[in-house]
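Dear colleague,

Please find below the structure that I am handing over to you. My notes on what was found in it follow directly after.

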Amino acid sequence: VQGRVGFAVTSSFSIEGGMRFTRPVYRIRATNDFEEAENVTAEETLSDYLFDGSAVWHFRDASGAGAVPFIFGGAGYFRSLHEGASYVEEGLEYHAGGGIKWWFGSGSSRFGLRADAGVSIRDRELDFDSGSKAVPTATGSLMWRF
């Protein structure tokens, strides 16, 4: 589940804020134990929250109809709750990328489609490595301008 809100500062520059909630499932399968223990699969479901803000630069007047390419960059705060909230991880997230918005209709109230791709870097995450982790991102969404 994801939601975003944007505010136009100029016709080319806007600021966006968003919230994302996901429930990823992590599975680990242990097999071929040298002491001949039975194969086992451990599973855990997390609750991941991400609150972020972005600066967005549009390469064409954002009020015009049609396709509008853009780039974005920003930062956020993430929080991961393990099953039963027995363990909490939190940290910072940085992101950047680009995409295109397709607007349909004219006037101030209209709808459109958005597609973007980029990279998300988290300073801490469920991992045995204590360093940052970069992952590719891609999203598609419906937009409504009012």
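Which residue forms a salt bridge with Lys101? The partner is Glu16, with the closest N and O atoms 3.8 Å apart. Please bear in mind that this is a predicted model.

Arg114 is buried, as is Glu16. Through salt bridges with shared partners, Arg4, Glu16, Asp52, Lys101, Arg114 and Asp116 are joined into one network.

Within that network, the side chains of Asp52 and Arg4 form a salt bridge of 3.0 Å, N to O. Asp52 is in strand β5 (residues 47–58) and Arg4 in strand β1 (residues 2–8), so the pair links parts that are 48 residues apart in sequence. Asp52 is buried, at a relative accessible area of 13%, whereas Arg4 counts as partly exposed at 31%. The structure holds seven salt bridges.

Finally, a note on Pro136, which is found in strand β9 (residues 133–145). Pro136 counts as exposed because its relative accessibility is 74%, the cut-off being over 50%. Leaving aside residues up to four places away in sequence, Pro136 touches Gly118 and Val119.

With kind regards

Notes
Residues numbered from 1 in each chain as written. Predicted model: local features only at pLDDT ≥ 70, side-chain atom pairs only at ≥ 80, totals over all residues. Heavy atoms only, no water. Helix = DSSP H or I, 4+ residues; strand = E, 2+ residues; numbered from the N terminus. Buried < 20%, exposed > 50% of the residue type's maximum accessible area, 1.4 Å probe, protein only. Contact = heavy atoms within 4.5 Å. Salt bridge = Lys/Arg side-chain N within 4 Å of Asp/Glu carboxyl O.
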